[in-house]
Amino acid sequence: MSLILAFSAVLISCGRNGSNWHGDHKLIILGIDGMDPQLLRQFVSAGKMPNFAKLMEQGSFRELTTSVPPQSPVAWSNLITGMNAGGHGIFDFIHRDPKTMELYFSASRVEGPKHSIGVGSWVIPLGSGTAEQLRQGTAFWQILDQHGIPNSVFRIPSNFPPVSAKGRTLSGMGTPDLRGTYGTFSFYTDDPTAAAGAVEGGEIIPVQVENGQVSANLIGPNNTFRKGSPPALEPFTVSVDPLEAVARVSLANQKFVLREGEWSDFVRVEFQLIPWFASVKGMCRFYLKQAHPRFQLYVSPVNIDPANPALPISTPKSYSRDLEDEAGEFYTQGIAEDTKALSAGVLDDREYLEQARTILTEHRRIFDQEFPKFHDGVFFFYFSSLDLNSHMFWRLMDAKHPEYDASPAAQNGSAISDFYQQIDQVLGEVLSRLDSSTTLLVLSDHGFAPYYRSFNLNTWLLDNGYIKLKPDATRDSPEPLAGVNWAQTRAYGIGLNGLYVNLRGRERNGIVSSGKDAEALIAEIKQKLLQVKDPKSGLPVITRVDRASEVYQGPHAGSGPDLLVGYNRGYRAGWKTILGSFPADEIEDNTNPWSGDHCMDYTLVPGVLLSNRRISSGSPALTDIAPTILAEFGITKRPDMMGKSIFESGSQ
Ligand SMILES: [Zn+2]
């Protein structure tokens with residue numbers, strides 16, 4: 001019955017659009033974050049990726065023009081909407097509010113209830129909190145829905161909370177952990193030399209081992225029911241065996257034993273907000289790094305529980321629970337690979353890799369569960385592994401990297417190629433099931449490059465007189481743009497590629513008039529940036545600077561950065577300048593394990609596009625993908641979509 005209804009809906013809508021879809025055509029899209037064309041060619045030539053070799057030989061392979069700037073949330077939004085950032089409004093991982101100069105994550109906003117009443121130490125919220133997606137524009141699967149084309153979209157980035165949809169969708173990158181962050185791990189230790197407190201992406205928590213017992217708390221979301229919204233806590237204890245390297249963890253009514261070097265499965269945790277009345281559920285994994293002589297216990301970020309999601313993560317709402325029933329527990333946080341724990345030295349290469357491999361295994365398990373169910377319409381599946389692991393292990397395959405070290409390289413230097421080979425195996429599964437009525441697209445959002453050296457854009461702006469600090473300001477305050485004298489500041493950097501003019505009428509204390517003054521300033525800064533050379537290598541640090549007014553179209557074109565700084569391969573915005581700080585040096589070595597990157601000149605880090613069919617377009621772009629998907633089903637693209645089908649004859 002429902003099939004007939006769906007089919008007639010298709011006929012009606014297709015008729016309206018002059019469709020020639022006959023109901024048996026299918027489209028499979030594998031979205032491989034960060035798959036790089038150079039590395040792909042290299043591994044294919046080495047015989048490591050036979051299925052990609054076959055697809056290249058029998059179908060088409062092109063480089064895929066990425067977004068400006070080439071950051072995943074921007075790039076996937078280009079793919080999702082067929083528009084650039086001027087249309088979908090996502091310009092960077094991080095945006096700023098020009099009225100308050102506060103920074104926020106660009107993809108979504110999670111808010112507690114707006115009104116509440118106080119009773120003693122309790123604050124009773126009126127109404128519930130909300131999560132709001134900030135990406136604008138219509139997603140390609142919503143248009144497919146309007147035309148009755150069945151579709152499933154797994155873990156596509158920039159879709160949290162998921163937009164309303166008729167098919168099965170699961171949110172991906174951008175989905176927070178239970179604390180509302182992009183992932184905050186906890187590390188419990190009695191090591192007195194460990195610096196307690198917050199580190200990037202985590203928290204070091206000092207504990208005492210007394211008579212072999214450790215008592216500690218898991219940290220949950222801020223409890224908005226309590227005055228001052230302190231974090232909700234859930235106590236747990238660990239009994240450490242006095243002789244063996246083994247410990248028993250007790251949490252609520254659960255008990256489990258971990259040997260040193262062992263990971264737990266997901267452990268369910270419930271944080272009480274008001275005893276008996278309000279609680280929120282999550283899940284996390286424990287890793288006993290060391291039992292003796294020092295106690296070292298890592299606990300993953302507390303993920304939203306797919307069986308009882310505290311915030312919406314799927315459509316239909318019941319889908320995340322059904323998927324868990326069928327495919328087992330899975331990480332729901334958007335970026336599940338704990339790169340931050342590796343950067344903080346809490347996990348070492350081997351430990352991080354074990355966790356990262358678990359995630360690919362999990363994604364492959366879900367793929368193997370869902371792919372055989374695909375019989376018509378569109379099936380999109382996303383893999384994160386190549387991106388995160390190319391970020392973390394570039395230093396072990398590139399002797400020119402400042403963090404290259406021969407001994408770890410001998411151990412884990414093949415990590416990136418191993419992950420590429422696993423993706424090749426996934427492609428093998430797909431190729432074996434392709435029939436003549438199915439189109440396959442394998443694509444990435446951007447490529448990859450080494451990240452040897454950091455450029456501290458805000459330090460450069462300060463040194464060149466575009467930023468002025470107040471007389472008593474310190475340069476290395478962790479507060480974004482702290483100490484800036486806005487009355488004498490003409491431009492500032494926020495995010496990985498963004499440079500903003502301190503514009504009168506837009507910024508709270510803007511001083512540069514729009515029009516002639518702003519134009520002259522933009523031209524001057526652009527020209528100077530293109531002349532910056534790295535004294536160490538003699539190479540240009542920046543190879544391209546794009547003006548927002550030239551690269552963006554659409555209603556939001558003016559709400560992002562005024563200039564997009566495109567770094568040369570090997571260079572990227574420094575860690576602290578991204579958040580508006582001023583490290584001492586303009587250029588410095590990148591000594592973080594995060595050693596590969598792509599937030600550069602977008603022409604230097606194209607993605608890949610492969611298909612089993614002949615791609616007509618000579619220079620396809622991410623913005624062509626949504627029109628391609630629609631054209632496959634005879635649907636006319638929306639007028640605000642920029643590109644056109646990659647299969648359209650007469651394409652360049
Ligand atoms: Zn990335």
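I started with Phe256, which counts as buried because its relative accessibility is 16%, and the cut-off for buried is under 20%. I note here that the model is predicted.

Next I looked up Phe286, which is buried with a relative accessible area of 0%. I then checked how the two rings meet. The centres of the Phe256 and Phe286 rings are 5.3 Å apart and their planes stand at 70°, so I wrote the pair down as edge-to-face. Phe256 belongs to strand β17 (residues 254-259) and Phe286 to strand β21 (residues 286-290), so this pair links distant parts of the chain, 30 residues apart.

**Other rings**

I looked up the count of aromatic pairs, and it comes to 34. One of them joins Trp76 and Phe380: the ring centres lie 6.0 Å apart with the planes at 85°, so this pair is edge-to-face. Trp76 is in helix α4 (residues 72-81) and Phe380 is in strand β25 (residues 377-383), so the pair ties together parts that are 304 residues apart in sequence. Both Trp76 and Phe380 are buried.

I also found a cluster linked by ring pairs. Its members are Phe154, Tyr319, Phe367, Phe371, Phe374, Phe379, Phe381 and Phe383.

The charged end of Arg572 sits over the ring of Trp575, 4.2 Å from the ring centre. Arg613 lies over the face of Phe647, at 4.1 Å from the centre of that ring.

**Cores**

Which residues touch the most other members of the largest nonpolar core? I found Leu30, Met35, Leu40 and Phe52, in a core of 63 residues. Helix α12 (residues 415-431) supplies the largest share of this core, 9 residues. Another core lies apart from it and has 43 residues, among them Trp486, Leu496, Val541 and Ile542.

I went back to Phe52 for its contacts. Leaving out residues up to four places away in sequence, Phe52 touches Met35, Leu40, Val44, Ile423, Asp424, Leu427, Val442 and Leu610. In soluble globular proteins, nonpolar side chains tend to be buried together.

**Helix α14**

I compared the length of helix α14 (residues 516-529) with what its 14 residues should give. At 1.5 Å a residue the helix should span 20 Å, and its end C-alpha atoms are 20 Å apart, which agrees.

Which residues of α14 are buried? I listed Ala518, Leu521, Ile522, Ile525 and Leu529. Seen down the axis of α14, the buried residues fall within an arc of 100°, so they line one face of the helix. The elements they pack against are β27 (449-455), α13 (457-463), β28 (491-494), β29 (498-501), β30 (542-547) and β31 (563-567).

The bond from Phe160 to Pro161 is cis, with omega near -20°, and Pro161 sits in the loop between β9 (151-156) and β10 (168-171). The bond from His292 to Pro293 is cis, with omega near -10°, and Pro293 sits in the loop between β21 and β22 (296-299).

Last, I checked phi. Asn211 is not a glycine, yet its phi is positive, about 50°. Asn211 lies in the loop between β13 (202-206) and β14 (213-222), and is exposed, with a relative accessible area of 83%. Ser229, not a glycine either, has a positive phi of about 45°. Ser229 is in the loop between β14 and β15 (231-240), and is partly exposed at 28% relative accessible area.

How values were computed. Residues are numbered from 1 along each chain as its sequence is written. This is a predicted model: local features need pLDDT of at least 70, side-chain atom pairs count only at pLDDT 80 or more; totals for chains, interfaces and linings use all residues. Side-chain values use heavy atoms; hydrogens and water are left out. A nonpolar core is a set of buried Ala, Val, Leu, Ile, Met, Phe, Trp, Tyr and Cys residues joined through side-chain atoms within 4.5 Å. Buried means under 20% relative accessible area, exposed over 50%, partly exposed in between (1.4 Å probe, protein chains only). Helices (H or I, at least four residues) and strands (E, at least two) are DSSP runs, numbered from the N terminus. Contact means heavy atoms within 4.5 Å. Rings of Phe, Tyr and Trp (its six-membered ring) pair if their centres lie within 6.5 Å; planes under 30 degrees apart count as stacked, over 60 as edge-to-face and the rest as tilted. A charge sits over a ring if NZ of Lys or CZ of Arg is within 6 Å of the ring centre and within 35 degrees of the ring normal. The expected span of a helix is 1.5 Å times one less than its number of residues. The arc is that of the directions from the helix axis to the C-beta atoms.
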